[in-house]
Amino acid sequence: MKKIFLSLLLALPSAAGAYDRGELAEFNDLYRNGQYEEALEGYKLIIAKEPSNQWAWYNAGNALFRLNRIGPAVFNYAKAFMLDPRSQDILVNLDFAMRQTGQSLAPEGAPAALFYLYYVVSETELEALAILLFWLACLAGAACFLLDGGRGGDYAGRVSLAAAGLLVSTVVWLGARQSSPYSSAGVVTRAGGTRMLSGPGEKFKTYASAPEGRLVKILDTGDEAYYEIGLPKEGIKGWALKTEIEKL
Amino acid sequence: MKKFLSAVTAAALAALLLAAPASAVLNVAAGTDRDSVEINGNLYLTVTVSGDSASVPEPKLPNMQSFNIYSSGRSQSISIINGKITTTVSFTYILTPRFIGVQTIPSISVFNGKEKAATPEMQVTVTKARQPAAQQPQQRPQQAPRQQRPTQAARTAANRGEQIFIKAETDKKTAYPGEQINISIKFYTSVPLSSNPQYVPAPFRNLISEDLPPVRSGETDIGGVRYAYSEIKAALFALNPGPAEIQSATVIAQVPSEEAIDPFDPNFFQKFMAISGAQGQSREFATDPIKLDIKPLPPGAPAGFSGAVGNYSVTAAADRPEARAGEAVNFSITIIGSGNLKAVTAPKFPELPDFKVFDTMSSLDVRKEGDVISGKKTFTYILVPRSEGKRTIPPIKFSYFEPHLAAYRELQTDPVTLLVEKGGLAAKSVNFNPATAAAPVTASGSDIRYVSDKPGSDSLPFLASSVLALPYWTHSVPVALLLLSFWLARFNRFKLANPLLFRFRRARSEASRDIEAADILIKAGKPNEAVARLYDSFMKYLSDKCGVKVSALTIRKAAELVKARFPSATERSLDEVRELWGALELRHFSPEAAGSEGASDLAKKYSLLLVRLEKELK
């Protein structure tokens with residue numbers, strides 16, 4: 001099992017390296033020439049093929065920003081940020097785009113170092129880390145039982161307990177991240193913002209609006225056409241058309 | 001006043017916010033010292049600009065139709081927190097209203113080349129002037145009454161029958177350098193003017209001037225003639241001993257023509273219209289030059305005297321009583337009083353070996369109440385304590401010449417004590433010296449960063465997403481392995497704890513294997529080895545079933561043990577055990593003495609006995 005696991009670890013980065021670099025560079029040439037729409041189409045193709053490619057999301061965000069579509073730009077930067085929160089380029093552009101919409105990347109008053117520490121790994125990475133720690137804890141535990149009584153068994157037992165402890169910490173961290181603005185969130189992508197209705201349908205009263213590019217909490221996805229969204233800062237929630245909100 | 005306080009509070013809050021690590025913010029706030037003012041009064045407008053650089057831009061005052069604007073100084077405060085500079089500058093203006101009613105002060109904006117900020121509009125109510133009698137008690141003693149008797153020069157001019165004339169007078173003819181001399185320039189007219197007169201200020205020699213707003217106007221009776229007058233005042237300060245001169249101030253006015261109108265003149269209507277004010281004659285009126293005698297300052301000036309003339313007090317204070325070594329502390333010396341504060345220079349600062357002393361900044365706040373130039377000037381020093389301990393800044397001396405007493409005065413501040421604590425690493429790195437600092441990097445704009453052509457996902461995010469892409473059931477594999485190994489470990493421990501039980505359970509299978517092996521040996525033509533194998537197997541079988549060692553087993557003992565442990569064992573079975581044992585023993589130890597019974601028969605007998613014993617030995 002360990003051999004399989006190690007093989008998996010080694011195989012995945014090599015698979016990542018197999019990505020066609022020339023394609024992205026080709027679309028970047030379009031971007032450089034000011035053909036933002038064409039470049040955006042290209043970046044979308046890469047995203048469709050490889051949704052975990054943060055640079056495709058980031059470049060798409062740039063193209064959208066140049067096209068003055070600030071809401072979709074924020075969404076694309078936020079996707080890139082969720083995939084790779086350590087990239088300074090992504091952080092800077094997301095922060096810049098959010099400031100254009102009256103928001104800030106880091107909560108006001110929060111120390112920047114704490115913010116970066118909190119987001120040093122992405123939610124996906126945290127989940128993957130939790131899974132890997134789960135595997136390690138189980139396999140080391142199994143080794144501990146199999147080598148029962150020997151020194152190897154003791155060592156495997158300690159590894160298993162340490163992995164279990166780290167797993168608990170990771171799960172707690174992951175739980176804390178659920179309160180992050182980027183968790184269970186969406187971005188208003190409709191130009192001019194979206195209306196917030198008091199219920200999932202046109203017959204309900206409009207009592208608020210969320211501006212384009214605004215990061216919102218998605219509270220309920222059950223309805224076919226509407227999300228229930230919340231604006232934590234203002235303390236209001238309402239229903240908005242799914243076509244006007246992109247879920248992160 | 002509330003408006004002013006709220007504006008100042010807002011500015012202070014804005015300044016506090018600047019201390020946060022957020023991005024640079026330029027702030028501006030404006031306030032007036034009151035909400036309503038009489039038409040002949042004035043009000044102070046304070047515009048507070050704060051920013052995070054050592055210098056902040058000066059506000060751009062909009063065109064105000066409703067007020068005349070006079071600059072009245074500026075005051076500056078700087079705070080340095082962790083080496084970050086926050087500057088707050090208050091610009092003070094005197095506004096004199098021009099029209100009665102609710103007047104608007106438009107938005108005032110500042111722009112530092114990168115950011116722009118603006119104040120909201122403000123409204124001020126301008127009321128009619130109150131009666132002089134009611135106004136009199138509010139005025140300061142040295143202020144001249146607004147409705148005063150005409151001067152001798154004015155009476156002389158009036159006696160000459162002049163309808164329009166201008167007179168200039170000073171409140172004193174001799175003064176010391178730096179002593180305030182007030183000049184009053186009054187423009188009298190007993191006839192209506194066709195348009196607003198144009199005033200051209202007088203040039204000065206050996207004098208500098210400071211406006212004393214507002215322009216006063218009123219009416220007075222001179223020799224039985226009613227004159228309307230406008231009065232412009234200014235404060236003058238002589239520069240050097242010797243003669244000084246106020247040259248002619250000029251007023252250019254459109255006055256009605258004095259030509260008589262003949263009703264039978266063919267141009268009667270044209271001339272009538274001209275006299276009614278539509279047209280007039282441009283005339284220039286000038287004051288007589290005034291010569292002043294500027295006396296030299298008396299000898300005996302104190303050592304620290306630097307030319308300040310007036311009446312002052314001086315105080316010193318640090319912005320906080322405690323600091324860390326290496327932290328910047330603002331130390332301010334404030335000179336308050338009446339006199340030409342613009343000319344007051346910083347007192348000599350003593351040598352302070354316990355501090356690094358950085359360049360000074362001065363701020364000036366000038367007031368002009370009662371036609372007296374007064375206010376305060378603050379010199380701010382940045383002191384950085386070199387080491388911890390109780391550190392004292394000694395008294396600072398300030399000397400000035402008081403013209404009313406014709407004497408020098410020397411004042412000194414109280415000593416200021418600072419409790420300096422041990423500084424941290426961050427404090428040691430504080431270095432503030434705007435005079436020698438290199439030119440700062442100025443951001444002229446901001447934009448998103450360029451697209452990236454990095455090759456696909458980095459390995460870590462890719463690995464993470466690949467791990468998450470695994471089917472859920474795969475994550476049950478380690479759990480299954482864990483449970484299996486747990487069960488195995490438990491089983492192994494149980495086995496180790498109960499060896500006889502496992503020997504008992506395993507006896508049949510081992511015996512069966514031995515019989516199969518014996519059959520192979522028989523077929524291979526090795527009957528003796530086969531019998532030996534069967535003998536050993538039978539001994540071991542009985543040993544495993546009875547839980548005793550093979551060496552400790554005899555036929556009799558074996559039968560007793562079987563009978564004791566397994567009461568269901570029949571006598572027939574025991575007889576067969578004895579019989580097989582004897583036959584195997586005989587064949588094993590003396591093959592020659594053995595009967596015709598072959599090894600194959602023994603194996604079959606052993607096999608049948610096993611079946612029977614397995615049913616009974618439970």
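Leaving aside neighbours within four places in sequence, B:Ile108 is in contact with B:Val28, B:Ala30, B:Val47, B:Pro59, B:Leu61, B:Pro62, B:Ala118 and B:Thr119, where contact means that the C-beta atoms of two residues, placed from the backbone, lie within 7 Å. The model is a predicted one, in which local features need pLDDT of at least 70 and side-chain atom pairs count only at pLDDT 80 or more, whereas totals for chains, interfaces and linings use all residues. Residues are numbered from 1 along each chain as its sequence is written, while chains are lettered from A and ligands numbered from 1 in the order in which they are written.

B:Ile108 lies in the loop between β6 (101-105) and β7 (109-111) of chain B; helices (H or I, at least four residues) and strands (E, at least two) are DSSP runs, numbered from the N terminus. With 24 other C-beta atoms within 10 Å, B:Ile108 is buried, a residue being called buried if 20 or more other C-beta atoms lie within 10 Å of its own, exposed if 12 or fewer, and partly exposed in between, with C-beta atoms placed from the backbone. The C-alpha atoms of B:Ile108 and B:Val47 are separated by 8.3 Å, although these residues are 61 residues apart along the chain. In chain B as a whole, buried residues make up 31% of the 618 residues, and the secondary structure comes to 12 helices and 29 strands. Among contacts in chain B between residues at least 6 apart in sequence, 72% join residues at least 24 apart.

The largest nonpolar core has 48 residues, of which A:Val74, A:Tyr77, A:Ala78 and A:Leu94 touch the most other members; such a core is a set of buried Ala, Val, Leu, Ile, Met, Phe, Trp, Tyr and Cys residues joined through C-beta atoms within 7 Å. Helix α5 (residues 70-83) of chain A gives the largest share of this core, 10 residues. Because domain 1 (20-105) and domain 3 (185-247) of chain A both give residues to this core, it lies between them, the domain bounds coming from an automatic or database domain assignment. When residues up to four places away in sequence are not counted, A:Val74 touches A:Ala97, A:Met98, A:Thr101, A:Val187 and A:Gly213. A second, separate core of 30 residues includes B:Ala316, B:Phe331, B:Phe355 and B:Val366.

Helices α11 (residues 571-589) and α12 (residues 599-616) of chain B pack at an angle of about 150°, with their axes 10 Å apart; axes are lines fitted to C-alpha atoms, for helices over the stretch in contact, and angles run from 0 to 180 degrees between N-to-C directions. The two helices, α11(B) and α12(B), are therefore roughly antiparallel to each other, a description given to angles over 145 degrees, whereas those under 35 count as roughly parallel, 65 to 115 as roughly perpendicular and the rest as oblique.

Between the chains, 44 residues of chain A are in contact with 33 residues of chain B. The largest share of the side of chain A that touches chain B, 14 residues, comes from α8(A).

In the loop between α4 and α5 of chain A, A:Asn68 has a phi near 65°, a positive value in a residue other than glycine, and with 9 C-beta neighbours inside 10 Å A:Asn68 counts as exposed. A:Ser184, found in the loop between α9 (151-177) and β1 (185-188) of chain A, has a phi near 50°, also positive in a residue other than glycine, and counts as partly exposed with 16 C-beta neighbours inside 10 Å.
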